[in-house]
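Please examine the structure shown below.

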Amino acid sequence: MTIFDTLIVQPIFNLLLTIYGIVPFNDFGIALIIFTIIVRLVMWPLIKKQLHQTKLMRKVQPELKRIKQKTKGNRALEAQMMMELYKERGIKPFSSIGLLLVQLPIFIALFRVIQIITAERDQIGKYAYDFIEQLGPIANIIAHPDRFNEMLFGVVDLTRQAVQTNTIYIPLIILAVVAAVLQYIQSKQLLPENTSKKKLKDILKDSAAGKEVDQAEVTAIMS
């Protein structure tokens, strides 16, 4: 195993495996849901900070407008005053990058974990910690990989592909749509509000034409 496997993939794998071993009927779907809740709870301090930063960014939007009017096109002065305002209000414009950097390795590791469980079940014993192997359901799937319960609520097969040749697995399509909608709603809550409703291409056209560009709008659109 690589260092990434040892430090990140293996702990996540064993946590998910432990949850699978203790949930009723060893439902893999329920285990994933519980695992996700645990991860979100662990990351809540970071998420809370980001929500606070977003609230602060929205509150200072009127002041950013006034700075733009006051500086009258002096971009250097505008940027300086914006930074001073951010510092005064405790705003860190790029704080969201920290949350992304924390989540990214978890997502990559979780993908690898699910790959092991669904397609490389002969590797389960290699990644499982010794004390985890003592759980009855875990010992059972190590000895008999084909007995792993990959269902969600006993109905949705999580190992199937949503779209195959001439076949569409509707339950997974529904799950994907629900996940996308919830992720979109969460993202909207975490990002600064773009009150002008301009798109990035509009901002770039204005800049190319020599027009003044509102830095607050740029920040919101880029986010």
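Tyrosine 129, at 28% relative accessibility, counts as partly exposed, a class that lies between buried (under 20% relative accessible area) and exposed (over 50%), computed with a 1.4 Å probe on protein chains only. Phenylalanine 131 has a relative accessible area of 60% and is exposed.

The model is predicted: local features need pLDDT of at least 70 and side-chain atom pairs count only at pLDDT 80 or more, whereas totals for chains, interfaces and linings use all residues. Residues are numbered from 1 along each chain as its sequence is written, and side-chain values use heavy atoms, leaving out hydrogens and water.

Rings of Phe, Tyr and Trp (its six-membered ring) pair if their centres lie within 6.5 Å; planes under 30 degrees apart are stacked, over 60 edge-to-face, and the rest tilted. In one, phenylalanine 13 and tyrosine 127 have ring centres 5.8 Å apart and planes at 50 degrees, so the pair is tilted. Because phenylalanine 13 lies in helix α1 and tyrosine 127 in helix α6 (residues 124–127), this pair ties together parts 114 residues apart in sequence; helices are DSSP runs (H or I, at least four residues) numbered from the N terminus. Both phenylalanine 13 and tyrosine 127 are buried. The rings of tyrosine 129 and phenylalanine 131 have centres 5.8 Å apart and planes at 25 degrees, so that pair is stacked.

Asparagine 26 sits in the loop between α1 (3–22) and α2 (28–59). Its phi is positive, near 50 degrees, whereas most residues other than glycine have a negative phi.

Methods
Helices (H or I, at least four residues) and strands (E, at least two) are DSSP runs, numbered from the N terminus.
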